Amino acid sequence: MSDADTEPETSEPVHVEGRDHLQRLIEGNGVVLVDFHAEWCGPCKMLEPTVEAIAAETDAAVAKVDIDDHQEIAREFQVQGVPTLYLFAGGEPSQRWVGVQDQGTLVEAIEAAA
């Protein structure tokens with residue numbers, strides 16, 4: 001396992017390449033925000049600047065999962081609508097949101113989980 005798998009650039013979201021990649025990110029970082037999204041999703045595009053700001057401004061790792069490219073991961077996490085966000089702390093899911101969320105709500109949850 002390389003450092004790139006567990007220590008993402010915290011200033012930018014990491015685009016997940018597969019199930020193993022996502023698992024390494026979740027296990028290798030204390031707090032991880034996972035954004036399940038799709039290219040065709042308008043609300044996902046609205047949420048993107050918020051997700052990018054969280055990656056840049058918090059200590060959380062941010063992972064982006066394209067549900068069209070990674071349907072099996074979306075099924076595993078029971079993603080039925082996008083955007084869906086999961087917050088992981090210590091390798092375990094701690095919160096889940098469906099739909100666009102404001103930055104303050106997400107940052108507050110990240111800080112509480114840290």
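Which residue stands opposite Ala61 in strand 3? Val32 does.

First, the ground rules. This is a predicted model: local features need pLDDT of at least 70, side-chain atom pairs count only at pLDDT 80 or more, and totals for chains, interfaces and linings use all residues. Residues are numbered from 1 along each chain as its sequence is written, and side-chain values use heavy atoms, with hydrogens and water left out.

Now strand 3. It covers residues 61-66. Helices (H or I, at least four residues) and strands (E, at least two) are DSSP runs, numbered from the N terminus. Six of the six residues of strand 3 are buried, so the rest of the structure largely encloses it. Buried means under 20% relative accessible area, exposed means over 50%, and partly exposed is in between, with a 1.4 Å probe and protein chains only.

Which way do the residues point? Ala61, Ala63 and Val65 point one way from strand 3. Val62, Lys64 and Asp66 point the other way. In general, side chains in a regular strand alternate between the two faces of the sheet.

Next, the neighbours. Strands pair if DSSP finds at least two bridges between them. Strand 2, residues 31-37, is joined to strand 3 by six bridges, and the two run parallel. Strand 1, residues 14-15, is joined to strand 3 by two bridges, also in parallel. There, His15 stands opposite Lys64.

On to charges. How many salt bridges does a search of the whole structure find? Two. The criterion is a side-chain nitrogen of Lys or Arg within 4 Å of a carboxyl oxygen of Asp or Glu.

One is Asp35 with Lys64, at 2.7 Å, N to O. This pair links distant parts of the chain: Asp35 in strand 2 and Lys64 in strand 3, 29 residues apart. Asp35 counts as buried, at 1% relative accessibility. Lys64 is buried too, at 4%.

The other is Arg19 with Glu76, also given as 2.7 Å, N to O. Arg19 sits in helix 2, residues 19-28, and Glu76 in helix 4, 57 residues apart. Arg19 is partly exposed, with a relative accessible area of 25%. Glu76 counts as partly exposed, at 43%.

Now back to strand 3, for Asp66. Asp66 is buried yet has no salt bridge. The nearest side chain of opposite charge is Lys64, 8.8 Å away. For that count, Lys and Arg are positive, Asp and Glu are negative, and His and the chain ends are left out. What does Asp66 touch? His37 and Glu39, not counting residues up to four places away in sequence. Contact here means heavy atoms within 4.5 Å. A polar atom of the Asp66 side chain also lies 2.8 Å from the backbone nitrogen of Asp68.

Last stop: the loop between helix 4 (71-76) and strand 4 (84-89). Pro83 lies there. A cis peptide bond joins Val82 and Pro83, with omega about 0 degrees. Gln78 lies in that loop as well. Its phi is near 55 degrees, a positive value in a residue other than glycine. Gln78 counts as exposed, at 55% relative accessibility.

Note on methods:
A polar contact is a pair of N or O atoms within 3.5 Å; within protein, one must be able to donate a hydrogen and the other to accept it, and residues adjacent in sequence count only if both atoms are side-chain atoms.
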